[in-house]
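Please study the sequence and the three-dimensional structure shown below. A briefing follows, grouped by topic.

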Amino acid sequence: MTEVFVNMGEIRVLRSTGVLTTVGLGSCVGVSFYDPITKVGALAHVFLAESRANSDRDALPGKYADTAIPALIDLAVKAGASRERLVAKIAGGAHLFSNITPEHLSVGHRNVKAVIEQLNIYDIPIIGKDVAGKRGRKMKLYVDTGVVIVTIIGEEPKQI
Amino acid sequence: MNNKLDFLQELGNIGASHATTALSQMLQDTKLELTVPKARMLSFAEAANFIASREEIVVCIYTRMIDMIKGDMAFIMPFSCAVTLANHLTGDDREQLNEIGESALLEVGNIMLGSYITALSLLSDTKIKPTVPGIVIDMNGAIWQSILAGAGVTEAVTILDTKFSTAELELSGHLIFIPDNAVFEALYQKVSSCWKPEETL
């Protein structure tokens with residue numbers, strides 16, 4: 001089975017078969033899109049909440065929540081997904097360094113908030129989520145079924 | 001630009017030497033091998049790929065510099081090495097870290113990062129204020145990603161990485177210093193007047 005890795009700021013798309021994997025989600029949020037009929041899956045590894053309009057213009061669209069969600073829709077539709085059938089699952093947004101900032105000001109917290117806001121704006125239902133906490137995550141989207149498995153070190157992998 | 005990277009490399013060299021000397025003293029003068037730190041200017045994509053073994057479990061002691069001089073500093077070692085070090089410090093013989101081992105590691109990291117920062121402060125004649133350090137045990141990739149995001153790294157970033165190891169204790173680790181770009185300029189201005197690259201080494 002093909003396994004495609006999605007690095008920080010990237011978006012990858014697969015159709016029918018294979019797995020999209022992102023390893024090392026700390027404060028970042030993994031956002032997966034899936035169309036169950038055409039079996040198109042897409043996964044973004046979102047780094048920060050808001051894009052910078054003046055600097056970082058050449059940034060990958062997957063890097064910021066506000067550019068990642070429209071880019072995910074665009075790429076999934078181009079790969080054959082129906083815009084109306086797309087459903088999202090999200091994981092990540094942890095707060096590893098609690099010595100630095102309180103939870104509600106952490107990058108992870110802001111990332112999760114921004115991703116959810118964007119998904120609401122674009123009217124994409126969130127059907128699974130495993131976010132916040134203090135631990136890093138690995139996220140896998142199985143494109144043949146739409147199943148997402150999230151792994152935290154020292155815990156049993158869970159399906160969302 | 002090379003000149004600036006050389007300058008930074010020299011700063012890192014002195015800082016990391018102080019840090020590892022402190023570690024060596026805590027380990028009853030165990031000899032530590034230290035690589036000359038590499039100062040590298042990386043694009044965002046390169047920084048994202050800086051860590052090879054993303055799923056490896058590591059122990060990281062991390063602090064952020066917040067006052068005049070801003071930046072991020074971390075002491076990262078593989079989990080097995082952290083256990084070895086904790087056992088050595090606490091006189092234990094465990095396969096996992098317990099609370100006492102973790103707090104010993106945090107203290108060692110605190111002393112090492114503190115030595116590094118003190119050296120930077122003395123060299124630049126600037127007060128540097130670090131936050132209280134914290135310890136995290138997690139996937140290498142998640143830790144690295146959180147450091148970059150917390151530092152607000154969105155474009156080019158300068159990274160100073162020093163590797164150290166010792167055969168006596170099967171111990172190895174990294175000291176990573178990510179200076180804020182603006183601070184780097186200020187430091188360079190301040191120190192470069194009395195620093196000439198051709199005279200070093």
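Is A:Lys39 buried, partly exposed or exposed? A:Lys39 is partly exposed, because 17 other C-beta atoms lie within 10 Å; a residue is buried if 20 or more other C-beta atoms lie within 10 Å of its own, exposed if 12 or fewer, and partly exposed in between, with C-beta atoms placed from the backbone.

This is a predicted model, in which local features need pLDDT of at least 70, side-chain atom pairs count only at pLDDT 80 or more, and totals for chains, interfaces and linings use all residues. Residues are numbered from 1 along each chain as its sequence is written, while chains are lettered from A and ligands numbered from 1 in the order in which they are written.

**Chain A as a whole**
- Chain A contains two helices and ten strands, where helices (H or I, at least four residues) and strands (E, at least two) are DSSP runs numbered from the N terminus.
- Along the sequence, the pattern of chain A is β-β-β-β-β-α-β-α-β-β-β-β.
- Chain A has a radius of gyration of 15 Å, which agrees with the value near 15 Å for a compact globule of 160 residues; the radius is taken over C-alpha atoms, and the globule rule is 2.2 Å times the number of residues to the power 0.38.
- Of the 160 residues of chain A, 49% count as buried.

**Two loop residues of chain A**
- A:Lys39 lies in the loop between β4 (29–35) and β5 (40–46), and its phi is positive, near 55°, although the residue is not glycine.
- A:Ala132, in the loop between β7 (126–131) and β8, also is not a glycine and has a positive phi of about 65°.
- A:Ala132 is partly exposed, with 15 other C-beta atoms within 10 Å.

**The contact between chains A and B**
- Chain A gives 25 residues to the contact and chain B gives 26 residues; two residues are in contact if their C-beta atoms, placed from the backbone, lie within 7 Å.
- On the side of chain A that touches chain B, the elements giving two or more residues are β3 (19–25) and β8 (137–142).
- The largest share of that side, three residues, comes from β3(A).
- By class, the side of chain A that touches chain B has eleven nonpolar, nine polar and five charged residues; Ala, Val, Leu, Ile, Met, Phe, Trp, Tyr, Cys and Pro count as nonpolar, Asp, Glu, Lys and Arg as charged, and the others, Gly among them, as polar.
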